[in-house]
Amino acid sequence: MSDGEISSQRKIELLEEELRHARRMAALGELVSTTTHEFNNVLTTIINYAKLGLRHKDEPSRDKALTKILAAAGRAEKITNSVLGFARNRGHDRIPTDLAALVEQSLVLLEREMHKYRVQVEFHAEPAPPALVCGNEIQQVLLNLLTNSRQAMPRGGRVFIRVAPDSGNGTVDLTVRDSGAGIPAEVLPRIFDRYFTTKNGPDSSGKGGTGVGLAACREIIEAHQGKIRVESTVGVGTAFTLKLPVAKTSGPAATASPVQALGLPASGGRVVRST
Ligand SMILES: Nc1ncnc2c1ncn2[C@@H]1O[C@H](COP(=O)(O)OP(=O)(O)OP(=O)(O)O)[C@@H](O)[C@H]1O
Ligand SMILES: [Mg+2]
C-alpha cells in the first residue's frame, strides 16, 4: 500500500463514524418532531387562556387564566431546555451523571405522546451514586426503549422506570418495564440485530419501524462498558435493564445535574414525575 492510500481498516472506521453521525442526526430529527408537537400543544393552552383572561374581566377568572399560562410557559421552558441540550452536546464526554434526574428530564419530552397513547408512566428512583455516562447518549437509549414500549401497547398500558444501584457489580441500573405484548422466545435472540423489526413501517406518529433502535442502544451501552439486559413474557410485558458503571468521584459536588449532562446552562428545577 502506498502512503497516499487509505487502508481498508481506516475506510471501515470512517464509514462507521459516518453511520454513527447519521444515527445521531436521525435521533435528533425524531426528537425535534416530538418536541414541536409538544410545544404546539403548550402554545395552544397559552393562547386559549390568554383569550379567556381577556374575555372575563373578573379577578378569579383572570387569576385562573394567568396561573394556567404560567404553568404552560414553565413546561415550555423544560421542553426547550431538554431539546437544546440534545442538540448542543454532540460530544461523547462521559461525566458523573445523576441518572434519576436524566430520566425526569427525558420524560418531559414524551409526556404528550404517552398521554395520547394512554400509557401511564411511573418512575421510582432509589438513592444511587452518579454513573459515568454521556447524558445525551443515555437519553437517546431511554427514548428508544420508551418508544418501543409504547409501540408494544397499542391499546395503552403501563411503563415502570426504576433507577437503583447494584453495589455488587459497581453499576447503577436503569430499568424500563412495560405491560406490553412481550417478545416471543424465538424472536428474542434477534432483537438487537440491525434492521431486525416486527413492525410494518412507521407508526401513526411517524416513528420508526426500521429495526435500528435496539442495535443503536446496544452499541451505546457497550461503548460505556455497560450491559443491556432484556426479560420478556408474551402477554405480560418486557423489561430492559441498562447496567452502567458507577463514577468514582471524590464527592457529590462532582455530580452533573441533568442540565450539565445535556450540555446546558444550569436553570430551572427538578421535575417530579407521574404521567
Ligand atoms: N418493549 C418491547 N415490547 C415488545 N417488543 C419489543 C420491545 N422492544 C423491542 N421489541 C421488538 O424488538 C424489535 C426490534 O426493536 P428495535 O427498536 O431495534 O426496532 P424497531 O422498534 O422495530 O424499529 P426502530 O427502532 O428503528 O423504530 C421490534 O420490532 C419488536 O419486535
Ligand atoms: Mg425501536
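Two residues are taken to be in contact when their C-beta atoms, placed from the backbone, lie within 7 Å. On that basis, among contacts in the chain between residues at least 6 apart in sequence, 73% join residues at least 24 apart. The model is a predicted one: local features need pLDDT of at least 70, side-chain atom pairs count only at pLDDT 80 or more, and totals for chains, interfaces and linings use all residues. Residues are numbered from 1 along each chain as its sequence is written, while chains are lettered from A and ligands numbered from 1 in the order in which they are written.

The chain has 6 helices and 7 strands, taking helices (H or I, at least four residues) and strands (E, at least two) as DSSP runs numbered from the N terminus. Read from the N terminus on, the elements go α-α-β-α-β-β-α-β-β-α-β-β-α. As for burial, a residue is buried if 20 or more other C-beta atoms lie within 10 Å of its own, exposed if 12 or fewer, and partly exposed in between, again with C-beta atoms placed from the backbone. By that count, 32% of the 275 residues of the chain are buried.

Helix 1 covers residues 8–55, which makes 48 residues. The expected span of a helix is 1.5 Å times one less than its number of residues. Buried positions in helix 1 are Ala27, Thr34, Glu38, Val42 and Tyr49. An α-helix has 3.6 residues a turn, so residues three or four places apart point the same way.

Helix 1 also packs against helix 3 (residues 99–116), at an angle of about 70° and with the axes 9 Å apart. Here axes are lines fitted to C-alpha atoms, for helices over the stretch in contact, and angles run from 0 to 180 degrees between N-to-C directions. Helix 1 is therefore roughly perpendicular to helix 3, given that angles under 35 degrees count as roughly parallel, over 145 as roughly antiparallel, 65 to 115 as roughly perpendicular and the rest as oblique. On the helix 1 side the contact uses Leu31, Thr34, Thr35, His37, Glu38 and Asn41, and on the helix 3 side Leu109, Arg112 and Glu113. Sorted by class, this contact has 2 nonpolar, 4 polar and 3 charged residues; Ala, Val, Leu, Ile, Met, Phe, Trp, Tyr, Cys and Pro count as nonpolar, Asp, Glu, Lys and Arg as charged, and the others, Gly among them, as polar.

Two other residues of helix 3 are worth a look. Leu102 sits in helix 3 and is buried, with 24 other C-beta atoms within 10 Å. Its C-alpha lies 9.1 Å from that of Asn136, though Leu102 and Asn136 are 34 residues apart in sequence. Glu104, also placed in helix 3, counts as buried with 20 C-beta neighbours inside 10 Å. The C-alpha atoms of Glu104 and Ala125 are separated by 9.9 Å, with the pair 21 residues apart along the chain.

Around ligand 1 there are 22 residues, of which Ala152, Thr197, Gly208, Gly213 and Leu214 come nearest; a residue is near a molecule or strand if its C-beta atom, placed from the backbone, lies within 6 Å of it. Helix 4 (135–151) and helix 5 (213–223) are the elements that give two or more residues to this shell. By class, the shell around ligand 1 holds 8 nonpolar, 12 polar and 2 charged residues.

The loop between strand 5 and helix 5 contains Lys207, which counts as partly exposed, with 18 C-beta neighbours inside 10 Å. Leaving out residues up to four places away in sequence, Lys207 touches Glu30, Thr147 and Pro202. The C-alpha atoms of Lys207 and Thr147 are separated by 8.4 Å, at 60 residues apart along the chain. Tyr195 belongs to the loop between strand 5 (171–178) and helix 5. This tyrosine, Tyr195, has a positive phi of about 70° although it is not a glycine, and Tyr195 is exposed, with 8 other C-beta atoms within 10 Å. Gln225, in the loop between helix 5 and strand 6 (227–233), likewise has a positive phi, of about 55°, without being a glycine. Gln225 counts as exposed, with 12 C-beta neighbours inside 10 Å. Most residues other than glycine have a negative phi.
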